[in-house]
Amino acid sequence: MSSHDFWDKDVESLDRKPLQALQLQRLRQVVDHAMRTRFYEPRLKKAGIFSSADIRTLDDIQKIPFTTKDDLRECYPNGLLSVPMNRVVRIHTSSGTTGIPTVIHHTQQDLDVWTNLVARSIHATGSGKNDIFQNMMTYGMFTGGLGLHYGAERVGMTVIPMGGGNTKRQLQIMKDFGTTVLHITPSYMLHVLSVMEESGILREELGLKKAYLGAEPYSEDTRRKIERLWQIDVYNSYGLSEMNGPGVAFECIEKSGMHVWEDVYHVDVIDPETQRSLPDGTEGELVFTNLLREATPLLRYRTRDIASFLPTPCACGRSHRRLSRITGRTDDMLIINGVNIYPSQIENVIMRIPEVGNNYQIHLEKTGALDRLIVKVEISSAMFIGDLKQIDNLKELIKDNLKASIIINPSVELHEPGSLPVFEGKAKRVVDNRTRI
Ligand code: AMP
Ligand code: ZN
């Protein structure tokens, strides 16, 4: 496939002007639709929007008030539903393990739109009907399972719906069926590698070419590490259940930023403090509007995810703008002795060091009035059989690099390969014991 091969050429290469005209037309439709919901009607009216006639230009979207995760939680379970329940064919929720989940209802048309975007995304990575696709994301209410599943079938891939876990069996299936493409979290992908080393299955026995990695933040160095160790191409995939799930933004074969499918999603990047819009190239919180949602219209949804739009067009010829890597979430920022730190800053430092292994964890403790940051790092198998002096040097190196990058002085603990907790879905990297009595 050449980089100019599209799933839906007319839409994917549409010039910016007609693309924005299409966004405006769809925005007006979705505003009219949202107006029929108990949740949006009073909010929109209060903001001076009585019908789509009050949305004249795309910039008028700024008049629409934000919708937050808390709003969605207050609407649990059916408060945002805008069609009769007998038109709803599926329900998904966010994957958070605590608190009330956010619920999204889908009509058949909603699912079709979503499936088509996933198909478009998969096609943009050069995969198709000759691929064997093993979906190692959790199936169930989490969207990473079924979302990719239906899109992969639509492009004609052979789908193996494994779900997460049972790593040895995953490897056996990969070998027996000649899996060429995986969908998996980056943390689990690194763990599968450690299990392969123990299991006796050799890399040469696998036909693996690509992996779609997403559902959690990871650094560019982690991508490179996985590509090098697995000898595959890794494509970043971004999505959130509130905007359907995977297939919101995906890397094409250029692997340099994720195209947001702007015919379906309007995105604004805002300063989370002032709530003002920021220009392309500036990092801020992503605010999404789903322009084609039937069952659960969501306008100007504050995702809490932090990223920026890349300011230049992609070499592939798609006109839809590309998002940078998600560097963190406004709610995962750690305040350690008054210093603001995102977990991704720590990952950026440690995953650049080749002797570092496949897993790490960030612990926070309180000693008297002071916070203590302990970074637990698995070392690589090669390093594990090395001498103690080398291990000491590595510890100092990690410590120095962290200190230079995040200012505060961490303790670093080195652990043997495979000894830190493993997550088969989204990893929980931060253990904050500061609030415990
Ligand atoms: P959920 O709605 O449970 O599927 O979770 C969606 C959240 O996962 C997003 O809001 C992001 O915080 C995170 N996420 C998904 N994909 C990525 C990605 N490629 N990089 C970083 N974070 C991601
Ligand atoms: Zn591209």
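Residues are termed buried when their relative accessible area is under 20%, exposed when it is over 50% and partly exposed in between, as computed with a 1.4 Å probe on protein chains only. By this criterion both Cys252 and Cys316 are buried. The structure is a predicted model, in which local features need pLDDT of at least 70 and side-chain atom pairs count only at pLDDT 80 or more, whereas totals for chains, interfaces and linings use all residues. Residues are numbered from 1 along each chain as its sequence is written, and side-chain values use heavy atoms, with hydrogens and water left out.

Cys252 and Cys316 belong to the site of the zinc ion (ligand 2), whose protein donors (N, O and S atoms within 2.8 Å of the metal, or 3.2 Å for Na, K and Ca) are Cys252 (SG), His259 (NE2), Cys314 (SG) and Cys316 (SG), at 2.1 to 2.3 Å. The angles among the four donor atoms span 102 to 117°, and the site is tetrahedral, a class that requires all angles to lie between 85 and 135 degrees. The donor residues follow the spacing C-x6-H-x54-C-x1-C.

Leu373 is in contact (heavy atoms within 4.5 Å) with residues including Ile336, Ile346, Ile362 and Pro410, when residues up to four places away in sequence are not counted.

Methods:
Chains lettered and ligands numbered in written order. Tetrahedral: all angles 85-135°; square planar, octahedral: opposite > 155°, others 65-115°.
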